[in-house]
Amino acid sequence: AKELAAREKAAREQQAKEKAATAKAAREEAAREQEQRKQEAREQAKRNQEAKEQERREREAKEKQKQQEDRARKEEEKQRKQKEQEAREAERRERERRERERKEIKLEQQRQERDRVEEQKRDKEEQAKRDRAKLDQQQEHRSKPSPQKSPRVKQEQPDSRTSTPSTKANS
């Protein structure tokens with residue numbers, strides 16, 4: 001009976017040892033699995049972080065490119081507007097130049113017309129003076145008692161009212 005009790009005790013101890021070993025193995029397996037899950041979670045977190053970083057870099061690169069394109073577009077627009085402004089300015093200067101030339105030509109024509117009118121006026125006045133001088137001369141000749149009054153002499157004296165070849169030449 002003692003031996004049987006000792007064997008049973010040994011069997012129970014063996015069972016307890018096996019049970020403890022199984023429990024230990026199960027705990028170790030659970031700990032390994034938990035560690036593996038933690039490692040996978042860390043790696044996933046790292047991949048997620050890297051993906052976020054990549055997205056951020058791409059977003060920043062796109063934003064930077066957009067800003068460069070915007071600056072280039074604004075510069076183009078500025079240059080286009082400046083060229084248009086310069087073209088308008090050049091057109092305005094050209095119009096003003098043509099207007100000045102037109103006015104100068106008009107003034108020159110008016111001056112020439114005034115000169116022509118003045119010249120005609122002077123010519124008429126000189127002609128009138130010559131005509132008066134001739135008339136005065138004729139009247140002097142008529143009023144002077146001439147020693148011989150022949151009809152021939154009277155014919156030679158031109159009448160100021162009728163134009164003779166000599167008066168036509170003077171006008």
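Colleague: Hi! Where do Arg73 and Asp70 lie, and how many residues apart are they?

Modeller: Both sit in helix H1, three residues apart, which is about one turn of the helix. Helices here are DSSP runs of H or I with at least four residues, numbered from the N terminus. A word on the source: this is a predicted model, where local features need pLDDT of at least 70 and side-chain atom pairs count only at pLDDT 80 or more, while totals for chains, interfaces and linings use all residues. Residues are numbered from 1 along each chain as its sequence is written, and side-chain values use heavy atoms, with hydrogens and water left out.

Colleague: Thanks. What do Arg73 and Asp70 form, and how far apart are the closest N and O atoms?

Modeller: They form a salt bridge, with the closest N and O atoms 2.3 Å apart. The term means a side-chain nitrogen of Lys or Arg within 4 Å of a carboxyl oxygen of Asp or Glu. Side chains of opposite charge can pair when their charged atoms come close.

Colleague: How many salt bridges does the count come to?

Modeller: The count is 20 by this rule. Among them, Glu3 and Arg7 meet at 3.2 Å, N to O. These two also lie in helix H1, four residues apart. Glu3 is exposed at 54% relative accessible area, and Arg7 is exposed too, at 52%.

Colleague: And what about Asp115 and Arg111, how do their side chains meet?

Modeller: In a salt bridge at 2.8 Å, N to O. They are separated by about one helical turn because they are four residues apart in helix H1. Asp115 is partly exposed at 39%, and Arg111 is partly exposed at 35%.

Colleague: Which residues are linked in a network of salt bridges?

Modeller: Glu53, Arg56, Arg57 and Glu60 are linked that way.

Colleague: Changing topic: which residues form a negative surface patch?

Modeller: Glu118, Asp123, Glu125 and Glu126 do. Patches take residues with over 30% relative accessible area and no salt bridge, joining like charges within 9 Å and nonpolar side chains (Val, Leu, Ile, Met, Phe, Trp, Tyr) within 5 Å.

Colleague: Where is Asp123 found?

Modeller: Asp123 is in helix H1, which covers residues 2-143. Asp123 counts as partly exposed because its relative accessibility is 37%.

Definitions and conventions. Areas by Shrake-Rupley, 256 points an atom, 1.4 Å probe, with all protein chains shown as cover. Lys, Arg positive; Asp, Glu negative; His and termini not counted. Charge placed at Lys NZ, Arg CZ, Asp CG, Glu CD. Buried < 20%, exposed > 50% of the residue type's maximum accessible area, 1.4 Å probe, protein only.
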